[in-house]
Amino acid sequence: MADINKKKIVLPLAPNEEFGSVKHLNTKKIKLPHGIPGHNLTEIEREVSADEPPALAVNDQLSVVGKRTKRIDAIYKVTGAAKYTSDIQLPGMLYGKFLRSPHPHAKIKSIDVSAAERHRGVHAVHILSVEPGGAVQRDNGHDAPAETYHVDKLPVLRYVGQPIAGVAAISDKVAREAVQLIKVEYETLPFVVDLDEAMKKGAPLVFEEKVEQQQTGGDVGGEAGAGQQGNLRGPSIGSFYGGPRGDVDQGFNESDIVVEGEFRTQVQTHCALETHGIVADWQTNMLTIYASTQSTKSVRNDLAELFDLPLSKVRVITEYMGGGFGAKFGAGHFGVMAVVLSKKSGHPVKLMLDRKEEQTTAGNRPNSQQMLKIGVKKDGTLQAIDLTSYGTAGIGLGAGVGRVAQDMYTCSNFRMAQYDVFTHAGPGAAFRAPGNVQGCFALEQLIDEIAEKLNLDPLAYRDKIDQSEIRKVERKKGAEKFGWKRKQPGSDSGVVKKGIGVAQGHWPRIIHVDSSATVRINKGGSVEIMSGVQDIGTGTKTILAQVVAEELGLKAEDITVKIGDTTYPDGPGSGGSVTAGSITPAARNAAYQAKMQLLGQVAGGWQVEIADLDMEKGEIFAKSDTSKRMSFVDATKKMRTNQIMATASRPDDYGGFEVGNAIGYDRLGSVQFAEVSVDTETGVIKVDRVVAAHSCGRPLNPLQIESQINGGVIMGVGYALYEDRIMDKETGYMVNANLDQYKLPYSKEIPHIENIIIEQYGAHSSTDASGIGEPANVATAAAIANAVYNAIGVRIYELPMTPDKVLAALQVI
Amino acid sequence: MNRFEYIKAPSVGEAIKMMNSTVPEAIINANKGGAHIVKAAGVDLLDLIKEGVVSPDRVIDLRQIPGLDKLNFDQQNGLSFGPMVTIATLAENKEVYKNYRALHEATAHAATPQIRNMATMGGNLMQRPRCWYFRSEGHHCLKKGGDVCFAQKGQNQLHAIFDTQICPCVHPSSIATALVAFDAKVELSGPDGKRNLLLSEFFTLPEANVTCENNAQSKEIITNITLPVLKPGTRSFYIKQGQRESYDWSMGDVAVVLEMEGKQCKTARIVLGAAAPVPMRASKAEALLKGKTITEKLAAKAGELAVEGATPMEHNHYKIQLFKTLVKRSILAAV
């Protein structure tokens, strides 16, 4: 049995033991567009592998890529033909259900599952000993996944909702009944669910011993080998952008102005429309899994390792997926349970979490307490940034927030100390721009404070300190669209005060080179693209169709996209906004190579050079002799084989990577403007309008990018004003573990949103595309906070900005 | 959710024969089992069953009983409606808008369009509190027959600021706030016939019986709701503030009914919702307005008086300011 806990713990998304950059047998030099059209567009020469396709022109010279294109699967989604994991029904399928801990901290003295096993309709019962997905205690015998099969080592329960045992039965109802028949005797132990309480001396310990976090594709887990004292683990002093810089104390000594503040953000839950879940079908020759996942290969890899199966014997399918936002990587405790129950019962087992389980056990954005201090010269030059942060991911790790402060603005003296604080609560998970959303709330408010002290407009000050060209353009275009004209803070007359604010966002440009696709051209002209990559709702299927269609001179709807199945070549996990930038170059390269094969056959037939041939508008033609022309469909009918196919993987960025095999040069910048109304008599804030200016390299499909930006802004509004996981300190329960009392923004809470998408060419790959999911969510809450300050003249340092906090800040209560 | 029998009652009389418990009784007697309870639309009941708060053996449906969904209005008798009248029916009724504006506002701002189309007024008045401890399977609180009120030391941001000592749950019906302001009456039918009482007397405080928000007996159901004819010159308004504007429960809501004579207020009824375990009359504020010309200053003073004597809890001090504002704004909006 493989041991998942002895895997090397690595910095998230950093290089591990893979080979570094790749050498090529033959290279060529190509000129690619570089820069921002209308601002600084130029060309840059890159030396690339000889089998790379030619440079793609800027969007306005293309016919499919860069055009607003309707989702190719929209019809299936709106008619219900699309089958999500929760829709899967297999012959003989059983339903799985968990018994979960009713206590925040307890030992199991005894457990009796006999009545559940005897219950009519029950096929299998299993007691789970170690829960994958949380931090794992390493020293008490719970260090091998084999434990998940053993009944003699009962788990220590560390949060309300922790899985204890699972049941598979003929219906959901029978499974629920059986769960209630499991008799457990608990020894309850002291617990702590509050960040501040957990840090106090003598607080009940979540882990007696040092812990590390298991790794899954989406984790932003804690730094390996960090110190641990009490419930405090850390400090983490760096990120993949490096560690401390310069001399911070000296920097403050040399500063003319020093601003500081303590900022707090809440725990936010992901609330994807589709809950976590899996259908597992254990057969002797193959384990087939239907999963609501952001990474088909991560589920496959986890299960292959845990159940000691070769990768070839696990197939994971995610044809349609109802959102993840970072929390859906790996097999998860429910996935492991579903497989065990399927193996035990000999039936397929479906195990979808209900909303309460989703809210309490399936991930969240850790909260934060951030002490941020910035020193500047009289002219505004940043001299020193110092950040200390604490946050709790419950029993998990990954509450760091520092990457924004570290990397968004140039400052030669930088230091941070980030601590994870363990509490008796469900594990955190990556969540749409992990760390950056929290960090931005603090940093961008303090930057505004500095601007005010310098008597500078917030935009003018950012023009001065921000080196990013893309954000410079975004500020300018955004301000124009927004009509940026600011009153003095708090000067708006009347009871309901209006204010405007701006904040900037930052997200690294991350690439997964383990991203491959096959393009297949069939006789008769049908074209398929196949990859294990999944479409988590962002529109990956459509951009793949666009990229292949552009290369082959076809239309997006001519391309059949087969993805979300590990039978196909591995795609990237969809987290970190990596998908578009990772899989579309592979897709284009595969399409190009297949095209070359087809053109080779045509060239042979026409007795011309391949280089003389091209494809456009469904036709193949010779550039030197326009009478040589044939439709794409007719050409495929003359193919010597029934199919032509080519597979390509994501090459290194053309200019190489900044860090490892994953972190590219350039950042995904964003600038968001918000207008708010604050009712000073009730404390109620309403976001009236947001202008969001964004870049994502080459925009592949503006229609879908706008959807992503709208979604990011709406999620940011929820984070700023409404959402909050509320824990009861006395009982350790989340009291609003539903979608009634956990407040998401609904129709009337959604502001008028205007988008600006800036084309930015970096000459990084054959499509030069990047993601947009995370950048869309980073700046919103900070922009709203700055707008609230502008409205009422008092700053709110804590999220969510609910009426009680506003009234307290106004000293009305 | 437990397995239960479902029966459609053919008549009120049959329903009364079939039922043996109110929902509160079914909850506190859970260990005995055998509860037969009635449902209207089931909006609230289904939630409670799914969470495992109540596990009836038999659910008796009232929706198909003829005659319970009638609404009548005339200038002689006022407004009367059966318990199966939906919230949407009231919200869309022109006479309600014209004559009982506060009731219109309360119904139009309740829940969501989908729920308003389904939920009935009888069910709305009989629904159980939204307190998250009461609603949690894991918290055996006073209201469910336990011996702890978890809200006292817990997360009480949405709880009461008056009558908080025993159980600070606020009444879940924001429409009741408006109904009490109009002196609405309910007709209850039981094995011994019918009785009529003011809605304000129907609702009870925790000191009377902490497990129940009203004095409905085991085999009683609401069969009619009436609002009296209003004196000429009566004006009303209602404002609800939720955490969200779309679909939300009340953080605080206020109904104001003013009988005006020219610019002068003859009598006033001001009711606070989500302030106490029952919709609460703000008597001092009402007295202040009597005989006076309504000004912004006077309305603000009424707001101050309305929260006098409040005993806010650890996390809900903001409600004091909220109610001051809502009372002031409702009065000004009414005149």
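This is a predicted model: local features need pLDDT of at least 70, side-chain atom pairs count only at pLDDT 80 or more; totals for chains, interfaces and linings use all residues.
View 1. Residues are numbered from 1 along each chain as its sequence is written, and chains are lettered from A and ligands numbered from 1 in the order in which they are written. Helices (H or I, at least four residues) and strands (E, at least two) are DSSP runs, numbered from the N terminus. Is α13(A) enclosed or open? Since 13 of its 13 residues are buried, α13(A) is largely enclosed by the rest of the structure. A residue is called buried if 20 or more other C-beta atoms lie within 10 Å of its own, exposed if 12 or fewer, and partly exposed in between, with C-beta atoms placed from the backbone.

View 2. Helix α13 of chain B runs over residues 318–334. Its 17 residues reach 24 Å from first C-alpha to last, close to the 24 Å expected at 1.5 Å a residue. Of these 17 residues, 15 are buried, so α13(B) is largely enclosed by the rest of the structure. Chain B averages a pLDDT of 97, and 100% of its residues score at least 70; pLDDT is the predictor's confidence in each residue, from 0 to 100.

**View 3. The largest nonpolar core.** A nonpolar core is a set of buried Ala, Val, Leu, Ile, Met, Phe, Trp, Tyr and Cys residues joined through C-beta atoms within 7 Å. Which of the 254 residues here touch the most other members? They are V548(A), A587(A), V788(A), A102(B) and V256(B). Helix α14 of chain A (residues 579–606) gives this core its largest share, eleven residues. Look around V256(B) and you will find contacts including A102(B), F237(B), I270(B) and I331(B), not counting residues up to four places away in sequence. Two residues are in contact if their C-beta atoms, placed from the backbone, lie within 7 Å.

View 4. The domain assignment, which may be automatic or come from a database, gives domain 1 (459–510 + 658–813) and domain 2 (512–649) of chain A. Across the boundary, 21 residues of domain 1 are in contact with 18 residues of domain 2. On the domain 1 side, β22(A) provides the largest share, three residues. The residues on this side divide into eight nonpolar, eleven polar and two charged. Here Ala, Val, Leu, Ile, Met, Phe, Trp, Tyr, Cys and Pro count as nonpolar, Asp, Glu, Lys and Arg as charged, and the others, Gly among them, as polar.

**View 5. Where chain A touches chain B.** In this view, 24 residues of chain A are in contact with 21 residues of chain B. Which helix gives the most to the chain A side? Helix α19 (residues 803–809) does, with three residues. The chain A side divides into eleven nonpolar, six polar and seven charged residues.

**View 6. A674(A) and its neighbours.** You can find A674(A) in strand β30 of chain A (residues 663–679). With 32 C-beta neighbours inside 10 Å, A674(A) counts as buried. Its contacts include I500(A), V687(A) and A783(A), not counting residues up to four places away in sequence. P751(A) is 77 residues away along the chain, yet the C-alpha atoms of A674(A) and P751(A) are separated by 9.1 Å.

View 7. The peptide bond from L799(A) to P800(A) is cis, with omega near -10°, and P800(A) sits in the loop between α18 (780–792) and α19 of chain A. Another cis bond joins G234(A) to P235(A), with omega near 5°. Q811(A) is not a glycine, but has a positive phi of about 60°. Is Q811(A) buried or exposed? Q811(A) is exposed, with 7 other C-beta atoms within 10 Å. D163(B), also not a glycine, has a positive phi of about 50°, but D163(B) is buried, with 20 other C-beta atoms within 10 Å.

Methods:
The expected span of a helix is 1.5 Å times one less than its number of residues.
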